[in-house]
Amino acid sequence: QTRDDGHAYRDEANRHKKRRNAFFQLAEAAHLAGDHALARRHANVGHEHNIKAQELDGLAQQAHRHKNERCSDDMVLDLHGFLVHEAMQEVEEFVSWHEGECVGHKEYDVDIITGAGRHSVGGKAKIKPQVQKWLDQRGLKYYAIGDGRFKVRLG
């Protein structure tokens, strides 16, 4: 899989989320109108779209994770394409793995690429501030490189 696969999965998941929301609205309208059978049918279709969206989000996460596994330098974690909760899971696993690897070794740096948020809704970073907050809470030494990258000291 390639990076584009992850974006394609995410786009398709978002289409299913929009359909889910539309069917849930139809279900609510039918329920308010007293047509409970129609409401149930619309709700069931909405649930089917929700399940498909979750499956596609999972595939997107796997595709983006696979991109990181292919990196020639395992000292870099690229979070482009992840949802915030997925990105935070990746950061925790990445840092924990590296902390385990460097027990008894000298300090070294890893890079975490968050992106600047230019492709986020409203052009405002969502992952970067969460990663920074997590690094602060963990008491890790780090510094920003540009708008969307952290150099983190481990060891």
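1. Y142 is partly exposed, with a relative accessible area of 22%; the class covers values between buried (under 20% relative accessible area) and exposed (over 50%), found with a 1.4 Å probe on protein chains only. F150, at 1% relative accessibility, counts as buried. This is a predicted model, in which local features need pLDDT of at least 70 and side-chain atom pairs count only at pLDDT 80 or more, while totals for chains, interfaces and linings use all residues. Residues are numbered from 1 along each chain as its sequence is written, and side-chain values use heavy atoms, with hydrogens and water left out.

2. The count of aromatic pairs comes to one. Its members are Y142 and F150, whose ring centres are 5.4 Å apart and whose planes stand at 90°, so the pair is edge-to-face. Rings of Phe, Tyr and Trp (its six-membered ring) pair if their centres lie within 6.5 Å, and planes under 30 degrees apart count as stacked, over 60 as edge-to-face and the rest as tilted.

3. The protein chain has four helices and four strands, in the sequence pattern α-α-β-α-β-α-β-β. These are DSSP runs numbered from the N terminus: helices are H or I with at least four residues, and strands are E with at least two. Of the 155 residues in the protein chain, 35% are buried.

4. Strand β3 (residues 141-144) pairs with β4 in the antiparallel sense over four bridges; two strands pair if DSSP finds at least two bridges between them. A144 has F150 of β4 as its bridge partner. Four residues lie between the strands of this β3 and β4 hairpin, where G146 takes a positive phi near 65°.

5. Strand β4 (residues 149-154) also pairs with β2, again antiparallel, over six bridges. On the β4 side, K151 is the bridge partner of D111. D111 is likewise the partner, in β2, of V76. Strand β1 (residues 76-78) runs parallel to β2 and is joined to it by three bridges.

6. Why is strand β2 described as largely enclosed by the rest of the structure? Five of the six residues of β2 (residues 108-113) are buried, so the strand is largely enclosed.

7. The largest pocket holds about 680 Å³ of space. The volume is the space filled by probe spheres set on the points, which are joined across faces, edges and corners.

8. Which residues lie nearest the centre of the largest pocket? Among its 24 lining residues, they are H7, G81, F82, H119 and S120. The elements giving two or more residues to the lining are α1 (3-32) and α4 (127-138), and α1 gives the most, with six residues. By class, the lining has eight nonpolar, nine polar and seven charged residues; Ala, Val, Leu, Ile, Met, Phe, Trp, Tyr, Cys and Pro count as nonpolar, Asp, Glu, Lys and Arg as charged, and the others, Gly among them, as polar.

9. Domain 1 (5-66) and domain 2 (74-154) both give residues to the lining of the largest pocket, so the pocket lies between them. The domain bounds come from an automatic or database domain assignment.

10. H47 is found in helix α2 (residues 36-70) and is partly exposed, with a relative accessible area of 39%. The C-alpha atoms of H47 and K17 are separated by 9.9 Å, with the two residues 30 residues apart along the chain.

Terms used: On a 1 Å grid over the protein atoms alone, a cavity is a set of points where a 1.4 Å probe fits but cannot get out, and a pocket is an open set with protein on both sides within 12 Å along at least five of seven lines; lining residues have an atom within 4 Å of a point.
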